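Could you show me around this structure, one selection at a time? I have it open in my viewer and would like to know what to click next.

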Amino acid sequence: MMVPLTSCHPTISYRPVRPSDLEILERIHGDIFPIRYESEFFQNVVHGRGIVSWAAVDHSRDDGRSDELIGFVTARVILAKDSEIVDLLNYNSADTEWSLVYILTLGVIDSYRNLGIASSLILEVIKYASSIPTCQAVYLHVISYNIPAMHLYKKMSFKCIRKLPGFYLIDGQHYDSYLFVYFVKGCRSPCSPLRLLMVIMRYIRIGFQSITAKLWNDERKPLLLFIYPMFLLLLLSPLALGSPRGGGQPARLTYHGGPLLTGNVNLALVWYGPFGHVQKNVIRHFIKSLNYRPPRGAYMEPPVSAWWRIIESYQPRRRGAVAPIKVKVVRQVTDKNYSVGKVLTVDFIPGLVQKATGGNKNTIAVVFAARGVTVQGLCMGKCSQHGLLGRQPYILVGDPTTECPGACAWPFYPSDYGPKGVTLQPPSGNMGADAMVVSFASALAGIVTDPYNSGFYRGSQFEPTESGTACPNMFGSGAFPGYSGKVRVDPATGGAFNARGVSGKKFLLPAVWNPKTSSCWTPL
């Protein structure tokens, strides 16, 4: 097989596999995989018969092959009840339509490896699975000696669930397989105490219905007056334990002895993709509002700075007082032409961080991704993230308007899961801008109080719950699943807000963990 020359900066795009790709698809499968696939498999792929697929092509090639397949992924939708991971799911046998996406094959030719193409192809599958209302997870098998593949899937937040001895038989020899699963839309295997209790309660409810039917038929109705209140108490008890959409008080955060960010916090911003004037202004005004103290006599209650003072309170007191943490933007870069494409994988983060900071290590890089840009790791259980490149902290925030409004734009958009509740009007009138403020505020709180994975957090060091994420989907006092809590409404615009900033700007800010009271704190 002729190996194409790769340009220094290939222009990779993704499309469905087509019938014209049949020959090259068969050839690459033969080169990459030790298993021989029947011709019927390839026919099903190129014609979309029960198989979905994506192809990667390099439009920068100048050899006349700019639409020739250089990478691919194939997958199939199956019913959860027919899968081998049904025991891992929050599965109800009455819900016969729950589904999964199973990755069949994934490959990139040698000269195009280590460019983030495989990661982007996997993201296409995850996005597809997330668009299916009944889909709970993406899963696949990896042969035991394919260590690079295992590292790739772990990097993309797949969980290695179990080992399957002798799963593959190749040339008369058995090889083990590892089963990897990615849970979509916030779904998880039912192993948390709350999830287990919910499963138990489901069976109690079914049993209660059976018992009451028998008692009713046996004319022992008075006994129901005793049983029914007990059943209600049991049925409602999971709600008292908390919920993925607000309500209840989470466990306290633990300090792990590492440094926090104090003094001056300098931000270097990258506006990745085309951003409108309104969106930039909303985010800039929020940053300026963090340290803004309203003039005496001005009605600015509650101020954004009060929210920020909770984050400042994490640092040690000096002479009985907490020193201010001053946040300011010291550098801004615009990349409106998507210099590395519309899919941002972990492979592209170092370049964007360098572009943001210009090499200045004393800044925090903040990458704001515009509407329509897919950011690896976002929209999949979290709406922003912060991390480290060596000792260089950075933040990633995406506009969820197109990619995942139901996951990351609540309460401005109906939620994809949990009680729908009442949606609110965004305070600026721009849903994307205000949703990004919520996500950015959470990440900024987290990076200040846990910049090096050794500050304040609970849970795993690699998937920590921090000051900005400990109180999810709470915006005011009295919040519970589907209800944002107490907020104010601007009578002129109808926009909901809980804090005021510079120039009278209004914001809806997320609850944060208050280390002094060990509870969730909201401006209202």
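Start by selecting threonine 522, in the segment that follows strand E23 (519-521). Keep in mind as you look that this is a predicted model.

Is threonine 522 buried or exposed? Its relative accessibility is 14%, so threonine 522 counts as buried, the cut-off being under 20%.

Now show the side chain of threonine 522 and look for its polar partners. A polar atom of this side chain lies 2.7 Å from the backbone oxygen of leucine 524. To see what else threonine 522 touches, leaving aside residues up to four places away in sequence, select Met474, Phe475, Gly476, Ser477 and Ala511.

Next stop: helix H2, residues 39-47. Which residues of this helix are buried? Highlight Phe41, Phe42, Asn44, Val45 and Val46 to see them. Then bring in what covers these buried residues, including helix H1 (22-32) and the strands E2 (52-58), E3 (69-79) and E4 (99-108). Just past the end of H2, click on glycine 48, where phi is positive, at about 65°.

Finally, colour the chain by pLDDT. The mean is 82, and 81% of the residues reach 70 or more.

Notes:
Residues numbered from 1 in each chain as written. Predicted model: local features only at pLDDT ≥ 70, side-chain atom pairs only at ≥ 80, totals over all residues. Heavy atoms only, no water. pLDDT = per-residue confidence, 0-100. Helix = DSSP H or I, 4+ residues; strand = E, 2+ residues; numbered from the N terminus. Buried < 20%, exposed > 50% of the residue type's maximum accessible area, 1.4 Å probe, protein only. Polar contact = N/O pair within 3.5 Å; in protein donor to acceptor, adjacent residues only side chain to side chain. Contact = heavy atoms within 4.5 Å.
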